[in-house]
Amino acid sequence: MNESLQSRLSEVVGTNNIAYMLNNNKDFSVTGYKVMQNQTTAGLLRCAKVMYNGHIKLTYLVGAYKPLSFVATRYGVSELSAIIFNLIQRAMEIKTNGFFSIENLELDFSKIYVDTTDYSVHLIYYPVINDATGNMTSFENEFRIALIKLFNSFPVFNAPQFQRLCSDLANGSLPLDVILKKLQDNINGNNFNQKIYEPSNAQ
């Protein structure tokens, strides 16, 4: 979450879902919220808006999804290859969607969620007025940095294929679609493709 959003939102702790209170209701973006509700296939976590003690409360319905930071400690290389593939693919889809203010996407891997039945990835979008002036280049750079941080945070990502992917992400001249294709080739070459949509035993 960028500094502009941090000044507008306060996280509500102690709930099963992810929730935030707006410090000032005037910062709520009606248009952004409507876009979220209409773009049901965009891979965003469902969000419910309610009034609480005079403030707008946004609750993201996590359900049985698991944070990427949790999944990274319990899955192997094949499963995580599929998850990272789905994450990059999802980010590219949202980036080119045209309906979202990309600076309002949450890229913290502890708040990126995975459906462990099919390895699909679900992101948080904040329907809040944001002073940050995001663009496609800055979003992609932040996304690359977030993935590299993820790879440097968990031992499973020391595997050679993830280290190669990390090098590719650090190469700003290499487009994300090329990186995605290389990852797909690696998954296919290692027979990981059959695991992409298989349920996992990890809970």
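Is N104 buried or exposed?

Guide: A word on the source comes before the details: this is a predicted model. N104 counts as buried, because its relative accessibility is 2% and the cut-off for a buried residue is under 20%. The residue sits in a loop, the one between helix 4 (77-95) and strand 6 (113-115). Around N104, leaving aside residues up to four places away in sequence, the contacts are L5, I124, Y125, Y126, V128 and N130. One of these, Y126, also takes part in a polar pairing: a polar atom of the N104 side chain lies 2.7 Å from the backbone oxygen of Y126.

Helix 4 packs against helix 6 (residues 160-170), with the axes 10 Å apart and an angle of about 25 degrees between them. The two helices are therefore roughly parallel to each other, since angles under 35 degrees count as such. In the contact of helix 4 with helix 6, the residues divide into five nonpolar, two polar and no charged. On the side of helix 4 they are V77, L80, S81 and I84, and these meet Q161, F162 and L165 in helix 6.

S10 is partly exposed, because its relative accessible area is 31%, which falls between the limits of 20% and 50%. Not counting residues up to four places away in sequence, S10 touches A19, Y20, M21 and N23. Its side chain makes a polar contact of 2.7 Å with the side chain of N23. S10 and Y20 are ten residues apart in sequence, and their C-alpha atoms are 5.4 Å apart in space.

Burial can also be followed along a helix. In helix 2 (residues 30-38), the buried residues include G32, Y33, V35 and M36. They lie on the same side of helix 2, because they cover an arc of only 160 degrees around the axis. Strand 3 (47-52) and strand 4 (55-60) are among what covers the buried residues of helix 2. The face turned away from this buried side carries T31, K34 and N38, which are exposed.

Terms used:
Residues are numbered from 1 along each chain as its sequence is written. This is a predicted model: local features need pLDDT of at least 70, side-chain atom pairs count only at pLDDT 80 or more; totals for chains, interfaces and linings use all residues. Side-chain values use heavy atoms; hydrogens and water are left out. Buried means under 20% relative accessible area, exposed over 50%, partly exposed in between (1.4 Å probe, protein chains only). Helices (H or I, at least four residues) and strands (E, at least two) are DSSP runs, numbered from the N terminus. The arc is that of the directions from the helix axis to the C-beta atoms. Contact means heavy atoms within 4.5 Å. A polar contact is a pair of N or O atoms within 3.5 Å; within protein, one must be able to donate a hydrogen and the other to accept it, and residues adjacent in sequence count only if both atoms are side-chain atoms. Axes are lines fitted to C-alpha atoms, for helices over the stretch in contact, and angles run from 0 to 180 degrees between N-to-C directions. Angles under 35 degrees count as roughly parallel, over 145 as roughly antiparallel, 65 to 115 as roughly perpendicular and the rest as oblique. Ala, Val, Leu, Ile, Met, Phe, Trp, Tyr, Cys and Pro count as nonpolar, Asp, Glu, Lys and Arg as charged, and the others, Gly among them, as polar.
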